Structures are given as C-alpha cells and as structure tokens.
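Please consider the following note alongside the sequence and the model.

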Amino acid sequence: MAVDYAARIAAIEDALAQGVLTVSYEGKSASYRSFDEMMKILGYLRRQLARANGQRVSNVGLASFDRGYTRRGWRC
C-alpha cells in the first residue's frame, strides 16, 4: 500500500492556509497540537516525497560547543 504524500501535503497546506489544526484526507482526519507541529510534519512529508521520487535529501546539522566556564559573570 503506497502512501500518497502529495495528498497529505496538500491537505496540511490547505489547513495551514485556513488556520485550522485538523486535517482531513482520504477519509481520515488528524488533529495537531500546534502550527509548529504541522510545519514539522509538512517538512517530513516533503522529504519523504522527495525520497519516493528518487531525489537526494540532505540532512544538515549544526554543532555547538560550550567550554563550561564563565568570565566576570558572563558565559563565554
């Protein structure tokens, strides 16, 4: 059973445009807690659609470092 990512993406985009947190597609419905959650799901679905179409999907990360000491009350 293949997943129709395009239909799910369209349903979430329509819900975002309308300002609602409940999405219905293919006879199913899903309720989200926030618009931030919907945006994360939308990004996930877009990556899955790209993979299904054979496109490369890059993962980008940002490293941060903390030396753990302070100077004159301010963290360096």
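1. The cover over the buried residues of α1 includes β1 and α2, where cover is judged by contact, meaning heavy atoms within 4.5 Å. Helices (H or I, at least four residues) and strands (E, at least two) are DSSP runs numbered from the N terminus. Buried denotes under 20% relative accessible area and exposed over 50%, with a 1.4 Å probe and protein chains only.

2. This is a predicted model, in which local features need pLDDT of at least 70 and side-chain atom pairs count only at pLDDT 80 or more, while totals for chains, interfaces and linings use all residues. Residues are numbered from 1 along each chain as its sequence is written, and side-chain values use heavy atoms, without hydrogens or water.

3. In α1, the buried residues are Y5, I9, A11, I12 and A15. Seen down the helix axis, they fall within an arc of 165 degrees, so they line one face of α1; the arc is taken from the directions from the axis to the C-beta atoms. A17 and Q18, on the other side of α1, are exposed. Just after this helix, G19 adopts a positive phi of about 80 degrees.

4. The largest nonpolar core has 12 residues, including V23, Y32, M38 and L45. Such a core is a set of buried Ala, Val, Leu, Ile, Met, Phe, Trp, Tyr and Cys residues joined through side-chain atoms within 4.5 Å. Its largest share, five residues, comes from α1.

5. Overall, the protein contains two helices and four strands, in the order α-β-β-α-β-β from the N terminus. Of its 76 residues, 18% count as buried.
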